[in-house]
Amino acid sequence: DAIVKEGLPEMIGRFTDMLNKHSNDDVYSLNSKMQDACSDIEDKIESINEVLEDTPFKENTFLQLRTVKIQAAVLKRFKARVKKLNESTGEDANTIYKALKSVVEALQEAIDNPRREESLTLLDPRYQMQFKALEIHSVTGDILDTLNSSGGKSGGEKEGFAGMVMAASLSYVLCPDGRSKPIFSTVFLDEAFSNCTRDTAKRVLEAFEKLGLHVNLITPLKNVEVTNEKKGNIHLFSRNAETHTSRCYEITWERLAQKIREKQAVDEMKAAARKIG
């Protein structure tokens with residue numbers, strides 16, 4: 001009688017209701033944040049698309065990135081559990097607890113196995129989306145090609161496509177929230193543009209520049225011409241095969257052009273000598 005008079009059963013009921021409410025609110029908040037994260041990715045992609053629209057991919061064409069949400073089984077199961085929890089509002093405490101327990105178990109399993117593909121898909125919004133690129137005619141607006149990968153493309157086309165996507169990806173990764181361009185923007189590209197034309201390389205480099213990225217190209221001497229329109233600094237690295245020593249020195253474009261001509265002349269003389277011999 002004393003316990004009833006002191007209102008303990010009522011307090012238990014209020015505590016249960018409060019616990020269920022706050023637990024449910026936390027699940028709703030988590031689910032909402034996951035959806036917001038996907039929306040943030042789409043917003044950043046749109047800002048990148050504005051730059052890509054002003055950067056030619058080929059003559060009279062430009063690229064646009066599109067996001068496609070993945071309909072993975074693990075996401076469907078999780079959404080079904082969250083929906084069941086939502087629908088249990090107003091039910092008895094035991095029903096709500098079971099629905100909440102099901103959601104928590106799904107999250108806990110993913111946290112305990114973070115390297116599994118299903119866990120990454122559930123916990124990381126980036127794994128809940130796929131990306132494709134549309135090649136669009138800049139005059140008519142027609143979609144000329146849909147690129148899900150570089151398969152079926154020539155070496156030069158692959159490099160041009162990969163370069164554009166890499167520029168967009170780096171800009172996305174290096175751009176902090178609330179800014180339109182990266183703060184840390186220095187990137188190094190190793191042996192880029194070895195298969196594509198000079199015009200393609202020029203367009204890709206323009207995309208890097210417009211996206212706020214400062215490019216350092218590491219390339220064999222035979223491919224260095226693709227960068228000369230940028231008029232940046234050139235550093236050559238040479239190695240002495242006999243002493244196994246190397247050196248680095250800065251060079252002007254004029255001096256570089258002269259060295260290339262000298263090398264071509266030597267190569268031609270060697271080729272001619274081999275024919276005579």
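Q: Helices (H or I, at least four residues) and strands (E, at least two) are DSSP runs, numbered from the N terminus; which helix gives the largest share of the lining of the second largest pocket?
A: This is a predicted model, where local features need pLDDT of at least 70 and side-chain atom pairs pLDDT 80 or more, while totals for chains, interfaces and linings use all residues. Residues are numbered from 1 along each chain as its sequence is written, and side-chain values use heavy atoms, without hydrogens and water. A pocket is an open set of points on a 1 Å grid over the protein atoms alone where a 1.4 Å probe fits, with protein on both sides within 12 Å along at least five of seven lines; lining residues have an atom within 4 Å of a point. Helix H2 (8-53), strand S2 (129-137) and helix H6 (155-174) each supply at least two lining residues, and the largest share, six residues, comes from H6.

Q: How much space lies in the second largest pocket?
A: Volume here is the space filled by probe spheres set on the points, which are joined across faces, edges and corners. For the second largest pocket this is about 470 Å³.

Q: Which residues are closest to the centre of that pocket?
A: The second largest pocket is lined by 19 residues. Closest to its centre are Ile45, Phe131, Val165, Ser169 and Tyr172.

Q: Is Glu135 buried or exposed?
A: Glu135 lies in strand S2. Buried means under 20% relative accessible area, exposed over 50%, and partly exposed in between (1.4 Å probe, protein chains only). Because its relative accessible area is 6%, Glu135 is buried.
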